[in-house]
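Me: Happy to have you along for this one. Could you walk me through the model with a few questions and answers?

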Amino acid sequence: MTNRRNILKGVAAAGALGTFGAGYAETVQKLARGKWSGEKPRDAHVVGNSIPPEFSVDPETGDVTLNPNQAMSYTMCIGCTTMCGVRVRVDKAKNKVLRVAGNPYSPMSTDPFIPYESSVAESFAAMAQAGPGQGLTRRSTACGRGNAVLEQVDNPRRVLKPLKRVGPRGSGQWQTISFEQLVEEVTEGGDLFGEGRVAGLREIRDLEAPALEGAPEFGSRANHLVWMNCVDDGRDNFVLRWLKQSYGSNNFTRHGSYCGGAYRSGSGAMFGDFKAMPHAKPDFSNVEFVIFAGTAPGNAGNPFKRIGTLVAKARADGNLSYVVVDPILNNAQNGPSGERARWLAIKPGTDGAMAMAMIRWMFENDRYDAKYLAQPSKAAAEAAGEMSWSNATHLVIVDADHPRFGHCLRGSDMGLAIEGEAYSETDPFMISSDTGPVTGPVPAGTSAAPLFHEGLAETQNGPVAVKTALTLLREEAMSQDMESYSKDCGIPVDKLTNLAREFTSHGRKAAVSSHGGMMNGSGFYNAYALMMLNTLIGNLNWKGGTMIAGGGFPENKGPAYDLASFPGAVKAKGLPFGRNVPYEKTSEFKAKKAAGAAYPADAPWYPNAPGLATEWMSSLVTGYPYKAEALIFRNTNPIYGVPGVAHLVEEMKDPAVVPLIISIDPFINESTAISDYIVPDSVMYETWGFTKPWGGVATKATCARWPVIEPKMDPNAEGERVGMETFLIAVAKRMGLPGFGDNAIPDAEGTLHPLNRAEDWYLRGAVNVAMIGAPVSDATDEDIELSNVARIADDLKATLKPEEWRKAATIFAKGGRYENITRSYQGDKATYAFNPPMLVWNEGLGSFRRATTGTRLPGTPAWRAPEFSDGSNVSDHYPREDWPIQVISFKSPLQNSYSVGAKSLLRIVASNPVNIGRDLAAAHGIQTGDMIRLTTPGGTLESVAVVRAGVAPDTVAIEHGFGHRGFGAEDITIDGETMPGDPRLAAGVLLNDLGMLDPTRAKAGVWVDPVSGTAVRHGLPARIERI
Amino acid sequence: MDTTRRGFLGAIGQVTIGAAASVAGAGQSASAEGNDVPHWGMVVDLRKCIGCQACTVACIMENAVPEDAFRTHVSVYELVKDGQDPAMVMLPRLCNHCDDPPCLPVCPVEATFKAENGEVLVDASKCVGCAYCVQACPYDARFINHETQVADKCTFCFHRTQAGLLPACVETCVGGARNFGDLNDPNSEVSKMLRDNEVSVLRPEMHTNPNVYYIGLDDVLDGRVAGEAAYHPEMADTVSHTEGL
């Protein structure tokens, strides 16, 4: 190689002044000054203020030479919910993160990711130009937001000391208090604000007193402490230990119900689990055709970067063609890819009409996988060479008067002798006999069963009408004709049939993918219908089809330590605050039934849903089913995120409604802003945690996060940095809660170890991650040095056993534990298969009664117009004539709900004008740049219009992530000093301000999907006017 | 609310992109075979760009780019052709490190120069901040850094390539659209890409002999379509030359 450092070779000496003409007067002036007229950069020649390289790689030998002033550590980004493995570059002297790139061990950041055995030095060389493939093959990335969010660490509006409100809630006035005062006040309560006595956490934790008098099903008063989380950032196991096993409250929820919960619930219906809500993703690298409906690969989603990388590669170099079905054209479509990447406009919230039309066409044209669907059991599927199976052939009781209406017919119904309990796993599902209805139902066996059947089953209690699940799906699909579906979704019939034809022309190498775009009034059934298309072609668990995540290496229960249980743990009990359980379990139901009318309940219940933050907002302000006494917001922001919640905020600010609100957060967001206390917390690269991919990764992967810089929060009196763990440990110890202190964590021999600091928990978690299966190798001295795990080496040695610490060090040195990519497939099948059946008919769904109506809903996918909780159509309340357009939100490639403080993002996109289609704009005389007013039944906003071709007719689309009041958009006063609101942080508008209450609810609550209980932010009825 | 009429109007408008054309013999590496002095070049595969702006932000972080400027960014367009569905085009833009750079001869103090590996660089110690180079650049790739008061631009991350590393924008490119390497090495990834694909350059009529090539550009931006920056009303797409990219 040549000497590249000879950079100025061949450059002539600085020019002669004599060549200047008259026009150079200013130039001459500057020159004549004889010194630098601006600030002199670090390098006075060619690289200015660019940061010195982190290391150098010798192009001949591949040797890595570190820059001693910088540290390179593998940890985790939490700039969005994907939580990618990243490489953080730190200025050691300044304790400052300089830049972030990807972790080449991590599938979230690299494709193909490097073998886990690679040394840290090899991982550095892999990303270098002087490395193999010129660094391009194994390049490892951070996205635009991931590159920017390091700015949050030094955000001047970070909360670094405990805060207590001054004056009324939400006034923006705070005082700093000591950590010790914080712990004392929230634990012991008292007249904390001069507004009267407030119960502290100690008093509320009464495990004997009922949460609601006369209703033991709700458990104890301890449930009056309710905890709202955002996403599991790898610290939730710690939270749940404190909340459920130590404190004894059963009330914990996350943000899913105002994120993408409708999709997850719809998927959960098919995968047979409404609580964990399993979901599959296309095998992006090998699939040939994908319909993305309600998700936008490369524009947003989870895992955002990985999908972006794989889809870009597959459409350019591979065999992938896809269609993005969306009311708005976004970055998921790609013009240069031509037919490989298409956009199809759809009316907001009508994906179910499209999906049911496709299903209808598939039935009419025999374009479903009959062989796959005919297998009635796992054994039959295996015998037939299938990788999964479904309940398509199972018989369902359809007699509306039958007590088991909507349930599948079982052996015990027929009087068969069964092992175990009736309707348990051992009670066989019944199928139609091959030889016709005369012989009656027979137990599902190991061979194919008839797909379609309807008739009477002679049960023990007489004849009962039954149909196969697939018959019921076909009936549902046939209930509208193609023209009618087409009219509803706005996609022409020929495009619907072409879509269905193309989808069914790739064998199993086709897929439908969805996500947050399902957050509309029909979202649950829309998602279930979309997902059912995958089952109709039998693509699950196949290479090139759909696959579930490979999972991870759990930190909380492993071979070394048991972090999931401990002596003295309590069991949290009681129906949850968000009413995601059957109404029929309540005393209210029993009382009303005894009084003659069991329905309607006082408010909706959602037995087929997970925990619902959306419904918690209603529970909090209405005190139904019971009143909360204390609320903890942990890094979450429902006051910004829930559409329509603005109508409930004033009640939330009233201490009589929820007497104590504590936030654990690094920032004062819109929700934190209405709390009584703020516990400062760590940001990004200062924190601990373990996460696994939630989808889209075929191999096991656990990402480890550790403080690669010194956290900035103030220390407490004991010298520990204040943060969530410090706070919870201190409260637990003050209250004498079990599971914390000197004897808290059992090892494999049962010896108890302390839990006095965050390190006690996370370092032992790392040992578990390292020891599962074949343990990882010990970290070498070189690995520890290069990754700067040296920073925490003393803690590792002091906390862990001598044989453990280098194993844990490997987990941090490599930023987690990752199974090698070669484990993705076994031949043409996914290594990690999902085994339970796909539910063409979901019994839980098909048999429950809506608490607010007493009526039932279909147990199969269906296309249904949006409804309010009383069962009335939304369009009956807000007719099209009055509300002719629909508003949707869409995800930004850059901003999310908590990234606005990363100021570089606002340099790129400073605001979010509303997107309006050409025809709608023309009809209202709107041109790009005009101010417009949008009005829904829930609210009004004014903004600037951008007129585009890529917006569906009669639709207005608003990018999410702007329109803030928190994060410094408004004034913050602490100890009398005001940091003025920054209008850049307030830029733009928030669609959720247009969100609606459900006008049919007697107890105030926002409009949600009737099954999944999830927020509605797509398809809000609206009017538009130019102003 | 900050969505003032003025704020948006000032920045929105039709954007004319320089006519793109296929480049005959783009694989200039062939003629230079045997030359072991690397000649850096970038091949941008537009089919792979997802518009995530990772490159834009990584460049800001790596090079401490001042707040009112970009050394590189991705222009996002919604393109509408008659009779066709609208389409998104993400166009990463940066200094093209031309072999015949128009910015070079206009420099009165010879601060701008062509470095050994082909980079067009500015010796800040010589630059007087006259901005003639900023005016001369057909790619809007230069700006006067208001902090240092000298001409500023992409260096192909000169400091990183010297250390055997990739430019920050390439290292972090999520879609794998940006590819960087030695055009003099016929076996380099970028040389292979130039051989295997039809490529274009921006502003071919300027005869700058740029070292930034695009795959997938000529199909969409053939000079007859009008594009509108769809999402980025306040990006510096249409601002004056002194603001850079």
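Predicted model: local features only at pLDDT ≥ 70, side-chain atom pairs only at ≥ 80, totals over all residues.

**Sheet, domains, contacts and cores**

Me: What is the strand order of the open sheet of four strands in chain A?
Reply: Begin at the edges, where β15 (341-344) and β21 (510-513) of chain A each pair on one side only. Inside, β13 (residues 289-293) and β14 (residues 321-325) of chain A run parallel and are joined by five bridges. Neighbouring strands are turned against each other by 15° on average, direction ignored. With parallel pairing, the order is β15-β14-β13-β21.

Me: Which residue is the bridge partner of Phe289(A) in β14(A)?
Reply: Strand β13 of chain A covers residues 289-293, and its five bridges to β14 of chain A reach into residues 321-325. In β14(A), Phe289(A) is partnered by Ser321(A).

Me: How many Å separate the centres of domain 2 and domain 3 of chain A?
Reply: In the domain assignment, domain 2 is made of 261-369 + 479-547, while domain 3 is 371-475. Their contact takes nine residues from domain 2 of chain A and nine from domain 3 of chain A. On the domain 2 side, these are four nonpolar, four polar and one charged residues. Taken over C-alpha atoms, the centres are separated by 29 Å.

Me: Which element of chain A gives the most to the side that touches chain B?
Reply: The contact between the chains takes 95 residues from chain A and 87 residues from chain B. By class, the chain A side has 44 nonpolar, 36 polar and 15 charged residues. Elements that each supply at least two residues include β5 (96-102), α8 (304-316) and β36 (939-948) of chain A. The one that gives the most, with seven residues, is α8(A).

Me: Where does the largest share of the largest nonpolar core come from?
Reply: That core has 402 residues, and those with the most contacts inside it are Met358(A) and Ala808(A). Not counting residues up to four places away in sequence, Met358(A) touches Leu496(A), Leu499(A), Ala500(A), Phe503(A) and Leu533(A). The largest share, 10 residues, comes from α15(A).

Me: Where is Pro303(A), and is the peptide bond from Asn302(A) to Pro303(A) cis or trans?
Reply: Most peptide bonds are trans. Pro303(A) sits in the loop between β13 and α8 of chain A. The bond from Asn302(A) to Pro303(A) has omega near 0°, and is cis.

Me: What is omega near for the peptide bond from Tyr624(A) to Pro625(A)?
Reply: Pro625(A) belongs to the loop between α17 (613-622) and β23 (630-634) of chain A. The bond from Tyr624(A) to Pro625(A) is cis, with omega near 5°.

Me: Does Gln53(B) count as buried or exposed?
Reply: Gln53(B) lies in the loop between β3 (40-45) and α2 (54-63) of chain B. Its phi is near 65°, a positive value in a residue other than glycine. Because Gln53(B) has 31 C-beta neighbours inside 10 Å, it counts as buried.

Me: And why does His97(B) count as buried?
Reply: His97(B) is placed in the loop between β5 (87-93) and β6 (112-114) of chain B. Although not a glycine, His97(B) has a positive phi of about 45°. His97(B) counts as buried because its C-beta neighbours inside 10 Å number 27.

Note on methods: Residues numbered from 1 in each chain as written. Chains lettered and ligands numbered in written order. Pairing = 2+ DSSP bridges. Axes fitted to C-alpha atoms, helices over the stretch in contact; angles between N-to-C directions. Domains from an automatic or database assignment. Contact = placed C-beta atoms within 7 Å. Nonpolar A, V, L, I, M, F, W, Y, C, P; charged D, E, K, R; others polar. Core = buried A, V, L, I, M, F, W, Y, C linked by C-beta atoms within 7 Å. Buried ≥ 20, exposed ≤ 12 C-beta atoms within 10 Å, placed from the backbone.
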